[in-house]
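This report describes selected features of the structure shown below, with attention to helix packing, the chain interface and domain arrangement.

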Amino acid sequence: MHISDGLLPAKVCITGYAITGGLTWYSLRQIDRRSTSTEDIPKASLLTAAFFAASAIRFPLPPGSLHLVLNGALGVVLDCYAFPAVLVGLFFQALVFGHGGLTTLGINAVIMGVPALLASFIFKLRRLIKGQSSRATFVFSFLAGVSGVGLSALLFFSLVITMVPAELDASLEQTAALVLLLSHGPLMLLEGLFTAMLVSFLARMKPEVIPE
Amino acid sequence: MLHEIDRYVHLNSWMHRWRPRPKLVGLGTLIFAFAMVEDLRLVPAMLGVTAVLYTIATLPLSFLLHQLRYPGFFILGVVLLLPLVSGETILWQWGPIALHSEGVSAMVLIVCRFFSILTLGLIILGTSPFSATIKAMRSLGLPHVLADMMLLSYRYLFEFAQMLTTMQQAMKLRGFKAPSRLALRELMSHLRRLASLMGTLLIRSYEQSLRSYQAMGLRGYGAAAPHSPGQSPPSSLWNGSALIVMLMVSAGFVLSDFL
């Protein structure tokens with residue numbers, strides 16, 4: 001779900017960088033407010049590297065297989081470090097695998113990072129439930145996973161279909177966007193379940209990994 | 001660990017001798033100028049400038065082809081349909097299949113822009129050590145949190161990828177197999193195993209981060225840096241003039257596209 005160099009007009013790339021700049025500033029301000037910001041940087045960095053490595057995990061869906069997006073899980077685990085982590089991860093993906101690109105780094109960060117921030121916010125809502133049971137952790141991390149990949153797919157397909165083709169028929173654009181989005185329904189469900197299972201595992205085995 | 005991208009930083013071309021900071025500014029500006037190209041007549045000039053810069057960098061062609069492999073397939077997958085679905089002026093028709101002039105133009109423009117931008121990105125990253133490029137970004141205003149995260153993540157990225165491979169092999173040796181048929185129960189139990197696998201990787205990386213932080217703390221991480229008189233490296237004629245040339249070429253592309 002990354003847009004490559006050369007696909008989008010420069011004004012869209014620059015707008016992407018502007019939004020990314022604003023969101024990075026917001027995230028860094030949240031990080032600075034923490035008393036443990038220096039201690040948290042190595043944690044966030046190594047967890048970012050682990051998420052990046054884990055993005056290579058393939059889930060078999062016979063006859064093929066698919067990669068999970070994991071931005072919802074990243075939002076849940078990294079909290080205010082989620083957006084900088086997405087930015088760093090995308091930079092490495094452009095660098096190491098050639099996925100995405102340098103001019104589209106900003107817009108790709110918006111596509112993946114905004115849903116990660118939303119997922120983090122949704123997961124925090126579990127605090128509203130007294131006692132914070134393991135069931136609440138499962139449900140809210142499921143919702144975080146679903147919304148993370150769902151919003152990313154919506155942003156990605158909307159941008160690719162409306163910005164790339166030179167003169168595409170408007171009704172064809174809408175149909176293509178709808179079909180592509182609906183085709184991601186099973187992936188959203190899978191991503192939600194995976195995030196819920198992952199967060200429940202962490203809550204049982206190492207609860208300090210999950211932010212309060 | 002020396003990654004593929006750092007493989008040719010030891011070469012001694014003009015591009016390798018160009019300091020990372022002006023190189024980042026000069027080639028970065030050119031990358032954005034290329035992203036702004038909308039006029040097909042500028043495409044040969046764009047490809048020509050790219051070829052000249054890659055030749056100056058003396059990076060092997062195999063390096064470029066290797067890096068182009070995956071993104072090249074992706075971009076072709078995206079734009080190959082454009083001539084068929086985009087535009088009104090028909091160039092060629094066979095039954096219901098028609099090639100449109102506007103779609104072909106858009107495809108050529110996107111592919112050439114992609115190739116030029118990716119090549120310039122490789123020149124920036126392939127002719128200076130990764131740490132020097134991050135340092136140059138830091139000097140250009142990259143926040144220290146992002147710079148530290150980039151360097152630390154890069155340090156552990158390949159180590160964790162190797163750890164994951166080892167863990168996956170261990171799972172296979174213990175008899176865990178991916179389901180070969182579309183059975184919901186089997187798929188769910190495999191998903192749970194993968195979640196545990198990733199959870200274990202996250203816990204290991206978290207524990208490694210605690211040890212790394214302690215080691216970094218002993219080396220002074222987080223303390224105020226001692227004040228030292230600014231020692232900027234001497235500016236050479238090549239560094240300054242190359243930057244001016246790149247900025248002029250970039251301005252030339254932007255202005256030509258507007259005219």
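Is the crossing of α3(A) and α5(A) right-handed or left-handed? The model examined here is predicted; in it, α3(A) and α5(A) cross in a right-handed sense.

## Helix packing in chain A

Helix α3 of chain A spans residues 71–78, and helix α5 of chain A spans residues 105–124. Their axes come within 7 Å and cross at roughly 55°; the two helices are therefore oblique to each other.

On the α3(A) side, the contact is made by A:Asn71, A:Gly72, A:Leu74, A:Gly75 and A:Val76. On the α5(A) side, the contributing residues include A:Met112, A:Pro115, A:Ala116 and A:Phe123. The residues of this contact comprise eight nonpolar, four polar and no charged.

## Interface between chains A and B

In the contact between the chains, 64 residues of chain B meet 55 residues of chain A. Elements giving two or more residues to the chain B side include α2 (20–35), α4 (61–79), α6 (101–126) and α8 (144–173) of chain B. The largest share of that side, 18 residues, is supplied by α9(B).

By class, the side of chain B that touches chain A consists of 42 nonpolar, 16 polar and six charged residues.

## Domains of chain B

The domain assignment divides chain B into domain 1 (4–140 + 241–258) and domain 2 (144–218). Taken over C-alpha atoms, the centres of these domains are separated by 34 Å.

Five residues of domain 1 of chain B are in contact with five residues of domain 2 of chain B. On the domain 1 side, these residues divide into three nonpolar, one polar and one charged.

Terms used: Residues numbered from 1 in each chain as written. Chains lettered and ligands numbered in written order. Predicted model: local features only at pLDDT ≥ 70, side-chain atom pairs only at ≥ 80, totals over all residues. Axes fitted to C-alpha atoms, helices over the stretch in contact; angles between N-to-C directions. Helix = DSSP H or I, 4+ residues; strand = E, 2+ residues; numbered from the N terminus. Parallel < 35°, antiparallel > 145°, perpendicular 65-115°, else oblique. Left-handed = near helix turned anticlockwise from the far one by under 90°. Contact = placed C-beta atoms within 7 Å. Nonpolar A, V, L, I, M, F, W, Y, C, P; charged D, E, K, R; others polar. Domains from an automatic or database assignment.
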